[in-house]
Amino acid sequence: MIELFKLKPGVEHFLPHEETDVRPCYDVFDIYGLGLADVDLSNAPYIPFRMPGSPMARTDLPLGASFFLLMTPRLLHLLESLGDFPHQVIPAHLVPDRDDWRDHPPIDTTSFVVCNLHRHLHIIDFDRCELTPSPRVEGRVHIKRIAVVDGVTIPPLFRQDDWRLPPLIPRATRDAILAAGMLDVYMPPLLGDSLDPAELKRPQ
């Protein structure tokens with residue numbers, strides 16, 4: 001049985017008054033996109049994120065970076081050690097959480113990086129996956145069995161080219177992240193997940 005897991009930020013590192021690690025700088029995202037599309041960002045000198053507090057000191061995969069994969073260098077190095085996958089590494093600058101952030105020096109430029117999955121891969125064979133109608137939510141489907149393209153090698157991390165899903169990892173990557181003690185990385189299984197059929201269409 002093929003097992004895949006979503007790679008998502010967790011929320012257990014938050015204190016009761018905290019709700020996010022970073023906030024997007026939307027004026028910059030208008031230039032670079034939101035991290036979901038397969039866009040070449042190799043010329044981006046850095047990508048800024050507004051930092052409202054300090055909870056991100058307690059996680060390796062911060063919440064609030066929109067679709068960008070913002071992570072610690074140690075998580076990135078772990079992923080890279082597990083095998084090859086198409087990605088670009090862009091410095092992440094944490095800036096003050098204010099509209100005039102450009103007029104102030106960054107708070108941190110080394111603790112996090114953006115892992116840009118600039119080339120999406122055709123790993124999952126949607127036509128051969130087994131989907132069943134959701135018994136609880138009308139119009140949604142459950143993934144009962146995952147099928148991959150014949151002969152394909154599943155990389156340590158990838159974003160599927162025709163599904164609007166978070167980045168995906170195989171069990172070996174999940175086990176390595178757990179064994180390394182990475183902080184508050186949420187990795188729910190894709191199998192049994194409930195999806196809107198619209199998520200199964202290639203983003204325009």
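**Close-up views of side-chain contacts**

**View 1. Asp 175 is partly exposed, at 34% relative accessible area.** (Buried means under 20%, exposed over 50% and partly exposed in between, with a 1.4 Å probe and protein chains only.) This is a predicted model, where local features need pLDDT of at least 70, side-chain atom pairs count only at pLDDT 80 or more, and totals for chains, interfaces and linings use all residues. Residues are numbered from 1 along each chain as its sequence is written, and side-chain values use heavy atoms, leaving out hydrogens and water. (Helices, H or I of at least four residues, and strands, E of at least two, are DSSP runs numbered from the N terminus.) Salt bridges with shared partners join Glu 3, Arg 171, Arg 174 and Asp 175 into one network. (A salt bridge is a Lys or Arg side-chain nitrogen within 4 Å of an Asp or Glu carboxyl oxygen.) Between Arg 171 and Asp 175, the closest N and O atoms are 3.6 Å apart.

**View 2. Arg 50 and Asp 97 meet in a salt bridge, 2.9 Å from N to O.** Arg 50 sits in strand β4 and Asp 97 in the loop between β6 (88-96) and β7 (113-116), so this pair links distant parts of the chain, 47 residues apart. Arg 50 is buried at 16%, while Asp 97 is partly exposed at 29%.

**View 3. Phe 49 and Phe 68 form an edge-to-face pair.** (Ring centres must lie within 6.5 Å; planes under 30 degrees apart are stacked, over 60 edge-to-face, the rest tilted.) Here the centres are 6.2 Å apart and the planes at 85°. Phe 49 is buried at 0%, and Phe 68 is buried at 6%.

Technical notes. Phe/Tyr/Trp six-rings, centres within 6.5 Å; stacked < 30°, edge-to-face > 60°.
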